[in-house]
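Welcome! Please take a moment to look over the sequence and the 3D structure below, and then read on for a short tour of what holds the parts together.

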Amino acid sequence: MAKLDWSVTGVIKLKTYRDRVSWFTICYKYIPNAVNLSGMKYAFNPAEVKWRRIIWLLVLLAGVAVLTLQITDRIHHYLSTPVSVDVVYEHQDSVPFPSVAICNINAFKVRWDRQIFNHSVMTVRMTDWGICFVFNDIDNGKEGLVVTNAGSARGLEIFLNANQAEYFFQPKARYGAGFKVLLYDRGTEPVIQGKSFAIATGVQTWVGVDIIETNNLEEPYGQCRKKTLNHFPHYSHVACELECLSEFLIGQCGCKTLAMSGEARECTAYQYFSCISPNLANYTSDGCDCPLACSSRQYVESVSFSNFPSDFMASIIAASFRTTPSNVQKNVCAVNIFMKDLTIQKISQQADYTVASLMSDIGGSLGLWLGGSVLTLFELVDLIGYSAYIHSRSIPHHKKP
């Protein structure tokens, strides 16, 4: 039986195991067998010669340094939420025809799939440009038109009469004669200023159309966000900005124009020139929460021109408009809007670097520099935990007499 060593005060003096063997010593002892890394068994093996252990330790430290730099770079890249863009051209059996807004129009005839329509197929809309007529509008109570064949022979042909005899003074640089035309996705809001193109009288305008569909990612990878508008059934960035502008002007003037959304009363002419027009110049969209739409469809036009009418057709067209050939040249123009082909360009955002990609890069760096894998990280965690467990279970030893 072991004897107890009594001090003068009568307290037993014990020399514990923990004081002789630390947790680090236990961890150091288990490293060669617990962690599967190349060179580990040489660097931490007490039986090896000193110079060999030092060389392998330096090699391991260099590998750990390079490994740390690569893993840090990959984690930083992952936290930056990179995005790639996938562009695909898909051929369709049929594509949707755009809504066509035509502003400052007087008389017209239209043809669709060899059918002659009258003005009843056009919807009157109040826009930021004034009164406009819209072909293929969602509010006409009919199904949206589709195109099954590309080319100018299967599109929309319109003859427009500017009727300059009825023109009056117009502000905001409206000094010419002709029309503004906007192609936009059916169901969204037409905003003429800044989005449309102009056509002139005495010219036949050929408009070839391409379709681009865009799909954006929500946060954290993208900036799109789903939002419900108060006065428009379908969200678009343009509709959101129009609603924001309307709320601003209603708050400033207490009334709205016909093109604005909201429940306020219509402005008088005096209120428009004294309040609406000056505040339009002061309006900024900085405080307007209008996120990027997560999905949208755009119609991109390619415009070309030819003289109108030809000498042979001048008298025939003049008779249909009940005017003279010279007046046709001055007031009438033709517009042909058609799909260039039945292809839709789809642009989609995709997460470029996922968790799986990050883990693959970490595992690849471990294998390249240290001959390990992702499981090596778990072996290190297991070593630390197991060493702490052995250290905590160590039984204190009494000092021998």
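A salt bridge is a side-chain nitrogen of Lys or Arg within 4 Å of a carboxyl oxygen of Asp or Glu. With that in mind, you can look for Arg-125, Asp-137, Asp-139 and Glu-189, which are linked in a network of salt bridges.

This is a predicted model, in which local features need pLDDT of at least 70 and side-chain atom pairs count only at pLDDT 80 or more, while totals for chains, interfaces and linings use all residues. Residues are numbered from 1 along each chain as its sequence is written, and side-chain values use heavy atoms, with hydrogens and water left out.

**Nonpolar cores**

- In soluble globular proteins, nonpolar side chains tend to be buried together.
- A nonpolar core here is a set of buried Ala, Val, Leu, Ile, Met, Phe, Trp, Tyr and Cys residues joined through side-chain atoms within 4.5 Å. Buried means under 20% relative accessible area, exposed means over 50%, and partly exposed is in between (1.4 Å probe, protein chains only).
- The largest nonpolar core has 27 residues, and those with the most contacts inside it are Phe-97, Val-100, Leu-160, Leu-183, Ile-199 and Ile-337.
- At least two residues of this core come from each of strand 3 (99-103), strand 9 (156-161), strand 10 (178-184), strand 11 (197-200), strand 12 (203-215) and strand 14 (332-351). Strand 14 gives the largest share, six residues.
- Helices (H or I, at least four residues) and strands (E, at least two) are DSSP runs, numbered from the N terminus.
- Which residues does Leu-183 touch, not counting those up to four places away in sequence? Its partners are Pro-98, Ser-99, Val-100, Phe-197, Val-207, Val-209, Tyr-299, Glu-301 and Ile-337, where contact means heavy atoms within 4.5 Å.
- There is also a second, separate core of 19 residues, which includes Ala-239, Cys-255, Met-260 and Tyr-283.

- Val-49, Trp-51, Ile-55 and Val-59 make a nonpolar surface patch of about 410 Å².
- Patches are made of residues with over 30% relative accessible area and no salt bridge; like charges are joined within 9 Å, and nonpolar side chains (Val, Leu, Ile, Met, Phe, Trp, Tyr) within 5 Å. Accessible areas come from the Shrake-Rupley method with a 1.4 Å probe, and for residues, only the protein chains shown count as cover.
- Val-49 sits in the loop between helix 3 (40-43) and helix 4 (50-79). With a relative accessible area of 40%, Val-49 is partly exposed.

**Salt bridges**

- Side chains of opposite charge can pair when their charged atoms come close.
- How many salt bridges are there by the rule given above? The count comes to eleven.
- Lys-346 forms a salt bridge with Glu-90, and their closest N and O atoms are 2.9 Å apart. Because Lys-346 lies in strand 14 and Glu-90 in strand 1 (residues 83-91), this pair ties together parts that are 256 residues apart in sequence.
- Lys-346 is partly exposed at 24% relative accessibility, and Glu-90 is partly exposed at 30%.
- Asp-185 and Arg-297 also meet in a salt bridge through their side chains (3.4 Å, N to O). Asp-185 is in the loop between strand 10 and strand 11 and Arg-297 is in strand 13 (residues 295-307), so the pair ties together parts 112 residues apart in sequence.
- Arg-297 meets Glu-213 in a salt bridge as well (3.2 Å, N to O). Glu-213 lies in strand 12 and Arg-297 in strand 13, so here the linked parts are 84 residues apart in sequence.
- Asp-185 counts as buried at 17% relative accessibility, and Glu-213 counts as buried at 15%, whereas Arg-297 is partly exposed at 28%.

**Disulfides**

- A search of the whole structure finds five disulfides, a disulfide being a pair of cysteine sulfur atoms within 2.5 Å.
- Cys-224 is joined to Cys-294 by a disulfide (S to S 2.3 Å). The torsion about their S-S bond is about 90 degrees, so this disulfide is right-handed.
- Cys-240 and Cys-290 form a disulfide with sulfur atoms 2.2 Å apart. Their link is left-handed, with -90 degrees about the S-S bond.
- Cys-244 is joined to Cys-288 by a disulfide (S to S 2.4 Å), and both Cys-244 and Cys-288 are buried.
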